[in-house]
Amino acid sequence: EPLLGDQASCRSLSGMASSTDMNCQNDAQQIADSEGVQPNKVSWYIVVLMYTVGTCIAAIMGILQLSKAFPSVEGIWLIFMPFAPCLLYALFRYHEQIRGTSIKSKSD
């Protein structure tokens, strides 16, 4: 994707940090602050989605193993099983993130 205007000036050709790079980082931080975006925070919603997919794969593989319809999937559910406790942790962190966001918006 070609860079246009200010985007092109924010790209350092040498790959080393320059004053232009620092100005671009400051501009990006100001934009993020004005829009209420926290770029260094983890989006726990995305993490929950990923762990949900892994947990669903474990459940599907476990059901297939129990049905004995596909003997080639025997034990594969164990590979995906660690996603379940990770999902619980991610749900907890997502709840905390949502609660923290709602507290901040109420105080503003």
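This is a predicted model: local features need pLDDT of at least 70, side-chain atom pairs count only at pLDDT 80 or more; totals for chains, interfaces and linings use all residues.
Read from the N terminus on, the order of elements is α-α-α-α-α.

Some totals describe the chain as a whole. Of the 108 residues in the protein, 11% are buried, where buried means under 20% relative accessible area. The accessible surface comes to about 8,600 Å², and carbon and sulfur atoms account for 64% of that surface. Among contacts between residues at least 6 apart in sequence, 51% join residues at least 24 apart.

A pair of aromatic rings is described by the distance of the centres and the angle of the planes. The structure holds 4 aromatic pairs. One of them joins Trp44 and Tyr89: the ring centres are 5.9 Å apart and the planes stand at 85 degrees, so this pair is edge-to-face, the cut-off for that class being over 60 degrees. Because Trp44 belongs to helix H3 and Tyr89 to helix H5 (residues 83-107), the pair ties together parts of the protein that are 45 residues apart in sequence. Trp44 has 13% relative accessibility and therefore counts as buried. Tyr89, at 43%, counts as partly exposed.

Tyr51 and Phe83 form another pair. Their ring centres are 5.9 Å apart, but the planes are at 55 degrees, so the pair is tilted. Here too the partners come from two helices: Tyr51 lies in helix H3 and Phe83 in helix H5, so the pair ties together parts 32 residues apart in sequence. Tyr51 is partly exposed at 22% relative accessibility, and Phe83 is partly exposed at 28%. Both residues belong to one aromatic cluster together with Phe80.

Ile46 forms a nonpolar surface patch with Tyr45, Leu49 and Met50, and the four residues together have about 400 Å² of accessible area.

Conventions:
Residues are numbered from 1 along each chain as its sequence is written. Side-chain values use heavy atoms; hydrogens and water are left out. Patches are made of residues with over 30% relative accessible area and no salt bridge: like charges are joined within 9 Å, nonpolar side chains (Val, Leu, Ile, Met, Phe, Trp, Tyr) within 5 Å. Accessible areas come from the Shrake-Rupley method with a 1.4 Å probe; for residues, only the protein chains shown count as cover. A salt bridge is a side-chain nitrogen of Lys or Arg within 4 Å of a carboxyl oxygen of Asp or Glu. Rings of Phe, Tyr and Trp (its six-membered ring) pair if their centres lie within 6.5 Å; planes under 30 degrees apart count as stacked, over 60 as edge-to-face and the rest as tilted. Helices (H or I, at least four residues) and strands (E, at least two) are DSSP runs, numbered from the N terminus. Buried means under 20% relative accessible area, exposed over 50%, partly exposed in between (1.4 Å probe, protein chains only). Contact means heavy atoms within 4.5 Å.
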